[in-house]
Amino acid sequence: GDICDSDDDDDTLSDDAEAVLGTRPLDADTDDDGLSDGREERLRTDMRRIDTDRDGLPDGVEAGARRPVADPPGRATGTRLGRFRPDRDPLTRTDPLRRDTDGDRLADGREDRNHNGRRELAETDPRHRDTDRDAVPDGAERFPLDPRR
């Protein structure tokens, strides 16, 4: 970051654009969700909020971020590790713009109870409307993991 550098934190957004957007020009990941501000602009997520759709899952977990944004050269910073939560299974991505990716009336964060991005045995699948495949959506049944009930 110097007078000739129009993007001091190397997040692909110019410092002028960050001033307009309300993000920090010396912080490549303003909300510390593991997605650079530039990537969040491309995804259309809120660069200032760790959980754009307010479903309980950080945008980085929903988008498959396994590693924090590294500190760029100079005085700029990347992701603060105290807030960052890595995605434990980036192949099971959900939509960071939709509170309920599969439309079963359960928020993604409610289905992924430990908020780690990986479907555990005692969790319903936020990517599939009917986890136990009994023709009843998870949000409409009392035992969404038991096809016999």
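Helices (H or I, at least four residues) and strands (E, at least two) are taken here as DSSP runs, numbered from the N terminus. The model is a prediction, in which local features need pLDDT of at least 70 and side-chain atom pairs count only at pLDDT 80 or more, while totals for chains, interfaces and linings use all residues. Residues are numbered from 1 along each chain as its sequence is written, and side-chain values use heavy atoms, with hydrogens and water left out.

**Whole chain**

Display the complete protein as a cartoon. The C-alpha trace extends about 65 × 25 × 20 Å along its principal axes.

Next, colour by accessibility. Of the 149 residues, 48% are buried; buried denotes under 20% relative accessible area, exposed over 50%, and partly exposed the range in between (1.4 Å probe, protein chains only). The accessible surface amounts to about 8600 Å², with 48% of it on carbon and sulfur atoms. Such areas come from the Shrake-Rupley method with a 1.4 Å probe, and for residues only the protein chains shown count as cover.

Contacts are defined by heavy atoms within 4.5 Å. Among contacts with a separation of 6 or more, 48% join residues 24 or more positions apart.

Now select the charged side chains. There are 28 positive and 43 negative ones, and the centres of the two sets are 7 Å apart. Lys and Arg count as positive and Asp and Glu as negative, with His and the chain ends not counted; each charge is placed at NZ of Lys, CZ of Arg, CG of Asp or CD of Glu.

**D102**

Select D102, in the loop between α3 (59-63) and α4 (108-111).

Show the surroundings of D102. A polar atom of its side chain lies 3.2 Å from the backbone nitrogen of D104. Beyond its neighbours within four places in sequence, D102 contacts E111, D125, P126, R127, H128 and R129.

Move to the segment after α4 and select H115. Its phi is near 55°, a positive value in a residue other than glycine. H115 is partly exposed, at 21% relative accessible area.

Select A135 next, also in the segment after α4. A135 is not a glycine, yet its phi is positive, at about 75°. Is A135 buried or exposed? It counts as exposed, at 74% relative accessibility.

**Salt bridges**

Side chains of opposite charge can pair when their charged atoms come close. The structure contains 8 salt bridges.

Select R24 and D27, whose side chains form a salt bridge with an N to O distance of 2.6 Å. R24 is partly exposed, with a relative accessible area of 40%, whereas D27 is buried, at 4%.

Finish at D146, which is buried at 16% relative accessibility. D146 forms a salt bridge with R148 (3.2 Å, N to O), and R148 is exposed, with a relative accessible area of 76%. D146 also forms a salt bridge with R149, their closest N and O atoms being 4.0 Å apart. R149 counts as exposed, at 56% relative accessibility.

Terms used. A polar contact is a pair of N or O atoms within 3.5 Å; within protein, one must be able to donate a hydrogen and the other to accept it, and residues adjacent in sequence count only if both atoms are side-chain atoms.
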